[in-house]
Amino acid sequence: GITILAALTMAILVFGLLPHFLSGLVGRLWGAGLTVENFAFHLIDGLLKIIFFLLYVWLISFMDEIRRVFEYHGAEHKSIFAYENGEELTVANARKYQIWHPRCGTSFILVVLLLSILIFTLVFPLLPSPMPGNYLLNNLAQVGIKILLMFPIAAIAYEVIRLGGKYARNPFWRLVLWPGLLTQRLTAREPSDEQLEVALEALRAVIALEGKLSQSPS
């Protein structure tokens, strides 16, 4: 519970409060007086979140345990590729596939961050100022609204990733998914054969469980 609470607190601080207040600060330094009604405010906010995310992933990649997790991440993708192509789930079949997958969670996070720039730009000009006259409370309330908006944004991002995976060969969807695939170069690494065996065994277990669920009476 403490770990979850600490993670949520850090996420809100690093990806919510800090980019929001820094975006306003950048506007004041430029003499632009940027607010949530301006596209530039949300563009800076979104870019800061992406920079913080990439920097965070890059820094933790130097940890031996995380590097091993990223190798299992690559094993997961190779296993899924083998399954999606109708091949027998063996190490030899999975080994030949790439470690970057269009429906990866890393791509999902990046799509969420990019979509948030657009959604926030469209929504906030339509909303009244939560607490006019109080700069701190007003901005804290705006961050709270952003957190609530992340639920529909995540839902839209899920559909984008799903469609992108379905039409991965389409030039438009390839362009949409390209930033996420590029980011996976940080979060997915070539696995060992032993790690592939683990990923394949996990996939077999999921397939077996799904088979049992589909056969159970409704």
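Visitor: What makes the charged end of Arg185 count as sitting over the ring of Trp100?

Guide: The charged end of Arg185 is 4.2 Å from the centre of the Trp100 ring. The rule asks for NZ of Lys or CZ of Arg within 6 Å of the ring centre and within 35 degrees of the ring normal. Before we go on, this is a predicted model, where local features need pLDDT of at least 70, side-chain atom pairs count only at pLDDT 80 or more, and totals for chains, interfaces and linings use all residues. Residues are numbered from 1 along each chain as its sequence is written, and side-chain values use heavy atoms, with hydrogens and water left out.

Visitor: Why is the pair of Phe172 and Trp173 called edge-to-face?

Guide: Rings of Phe, Tyr and Trp (its six-membered ring) pair if their centres lie within 6.5 Å; planes under 30 degrees apart are stacked, over 60 edge-to-face, and the rest tilted. Phe172 and Trp173 have centres 5.2 Å apart and 75° between the planes, so the pair is edge-to-face.

Visitor: Why is Phe172 called exposed?

Guide: Exposed means over 50% relative accessible area, buried under 20%, and partly exposed in between (1.4 Å probe, protein chains only). Phe172 has 52% relative accessibility, so it counts as exposed. Trp173, at 17%, counts as buried.
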